[in-house]
Number of protein chains: 2
Amino acid sequence: MTDGFPSLAADAERWIAELHDDVTAFFRRADGGGAFTEERWTRPSGGGGVTRVMHDGVTFEKVGVNRSAVAGELERGTGAPMGLSADLPAGTRFFATGVSVVAHPRSPMVPTVHLNVRYFEVMAADGTPTDAWFGGGTDLTPYYPFAEDAAHFHTELHRVCSAHHPEFYGTFKPWCDRYFVNSHRHGEARGVGGIFFDQLRPASAGGLTHRDLMAFADAVGRVLPAAYGTIIDRRRALPYGERERRFQLYRRGRYVEFNLLHDRGTLFGLKTGARVESVLMSLPPLACWDEAPALTPGSFEARLTEMLQPRDWLQNAEPAVNDVAMLATAR
Amino acid sequence: MTDGFPSLAADAERWIAELHDDVTAFFRRADGGGAFTEERWTRPSGGGGVTRVMHDGVTFEKVGVNRSAVAGELERGTGAPMGLSADLPAGTRFFATGVSVVAHPRSPMVPTVHLNVRYFEVMAADGTPTDAWFGGGTDLTPYYPFAEDAAHFHTELHRVCSAHHPEFYGTFKPWCDRYFVNSHRHGEARGVGGIFFDQLRPASAGGLTHRDLMAFADAVGRVLPAAYGTIIDRRRALPYGERERRFQLYRRGRYVEFNLLHDRGTLFGLKTGARVESVLMSLPPLACWDEAPALTPGSFEARLTEMLQPRDWLQNAEPAVNDVAMLATAR
């Protein structure tokens, strides 16, 4: 809990709407030809959102960029998944707003990326804020394991985090490694991680204010052009064939498994009756559960398994581990 | 609970192994060219299974036929999902064996089918059986809605059920309708249902013995040649194109969603560390979450939604509701 502070709800809603537009614009440019369709939806119990989806773009097979802003009464007990006390005073209300993005590229050489930032505020019956926090993160899921891409992504996240707090990257990077895990697949990571944070309040952020935390969440929300755009540019023109496409579809099956079996946001959204199409926009456009590819030891595909072991990517930032030479050999 | 009775474990294991072979043989014949690969696996804590998968057959894109027989100690509390008392005496053991099958045809005109039968026995520490039951069922998931196929499938199930107990079909058909539901998709059924039963004991089956129930479960396990083979033969030569294939892949997404979000067997298997490849063999070979197809009212595809409303299929058994004429119109 935090001592009295002014509500950030209106500012957060404006911030998220702007960020949503900017993220959409980035993916429109990055795609180089595809267009988003937009659906605006409202929630019977208050609030709503805007879901934008690009299907069959030039660079991306599917991109979903969603924003929502919802408010309502916090029913007794429903706060538990968010770490709230079960005996909240009657009439306690909440406000939540956020942006979430998942981009599934066409080329198996370009990784899938996910990003989400959100603001949550708890208010007494009279509207006085009693608690507020930020959450979010971004993570990268490669199909073909270019070590320099993972290192670049993490280096950019480290830069953004460090500009706001010296301990953020060191705390949020392992949190991400712990979260995006297919525990049913012998603990295999969904990808090469990134950062993940939740319940980020002034009290847990060494003196930063709610405004400072909003600036941090905004910086995370705007990291993709630097952290991911570079990777798209590096990889999108690489050649690939049927073998690489099959491997991508096979690995996308793991993405579906994580989102439907383990992702708390997805499961919470589906249970609480959020708009199904918005919650499931994260699923890949096409995925297979066909025969597992036989991985030749030492092949480019086999190296993915090794790359999914969590590690300190900042110490692996040396340029090009002969990734492209590896690719040439693999083909 | 049931009064003293001899253990059926050894007989059930033999029965399931034979049934597994016969079901495999049916799908090999029905496919007309594809071959199964087999993997035998053992469970560190006791027992094991045989997983057979056909990939890229002539008629089927993927068929999985799995059998397992496992035994072990029932740890306190783990019996709860099966309706067992939480305070089982120390040293209580279990034996479980079953066959499960999922077949995903290549043609969107041929429905996906799922079948499972299983036997579960609970034993005191000294090996004396204290409880035993059968479970299982089979259900049909069409992509293109041929009403006469659903009627045929249910008519065959009614025939098999009625040969064993006059109330089985009337009890197990609505149970299936309640079970295979994508609650997160506004309660949409996975398919046109079939039968589902669990914890079937002599006490709940009006005088039938464990042996009688095994004969019933065996008959369910052998129903596919009559109930499904006919449908394959009717539909496999029908023409289809890209539109029908896209619709099939889109609907297969719903199959994945049900299995990963709602299917108790899948979730229980993954949580208890069963062999992941065997548990997930039910997933379709390829599925999409691409743009939802725009369904023209009255189109063949739009009729699927109507057909997924649970109904009395025995009253809809009149031949051909001009399905094929409908198909011609749709194209």
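## Where the strands meet

Let's start at the join between the chains: strand 10 of chain A and strand 10 of chain B (residues 286-288) run antiparallel and are linked by 3 bridges. Within this pairing, A:L286 sits opposite B:C288 of strand 10 of chain B. Please keep in mind that this is a predicted model.

## The wider contact

How many residues does each chain bring to the contact? Chain A contributes 20 residues, and chain B contributes 20 residues. On the side of chain A that touches chain B, helix 7 (242-262) and strand 10 (286-288) each supply at least two residues. Helix 7 gives the most to that side of chain A, with 4 residues.

## How the copies are related

Chain A can be superposed on chain B by a rotation of 180 degrees, with 0.0 Å of shift along the axis and an RMSD of 0.0 Å. This is the relation of a two-fold axis. The copies meet through the same surface, because 100% of the interface residues of chain A are also interface residues in chain B.

Now to another part of chain A. Which residues of helix 10 (residues 300-307) are buried? They are A:F300, A:E301 and A:R303. Looking down the axis of helix 10 of chain A, you would find its buried residues within an arc of 150 degrees, so they line one face of the helix. On the face of helix 10 turned away from that buried side, you will find the exposed residues A:T305 and A:E306.

Technical notes. Residues are numbered from 1 along each chain as its sequence is written. Chains are lettered from A and ligands numbered from 1 in the order in which they are written. This is a predicted model: local features need pLDDT of at least 70, side-chain atom pairs count only at pLDDT 80 or more; totals for chains, interfaces and linings use all residues. A residue is buried if 20 or more other C-beta atoms lie within 10 Å of its own, exposed if 12 or fewer, and partly exposed in between; C-beta atoms are placed from the backbone. The arc is that of the directions from the helix axis to the C-beta atoms. Two residues are in contact if their C-beta atoms, placed from the backbone, lie within 7 Å. Two strands pair if DSSP finds at least two bridges between them. Copies are superposed by least squares on the C-alpha atoms of residues with pLDDT of at least 70 in both.
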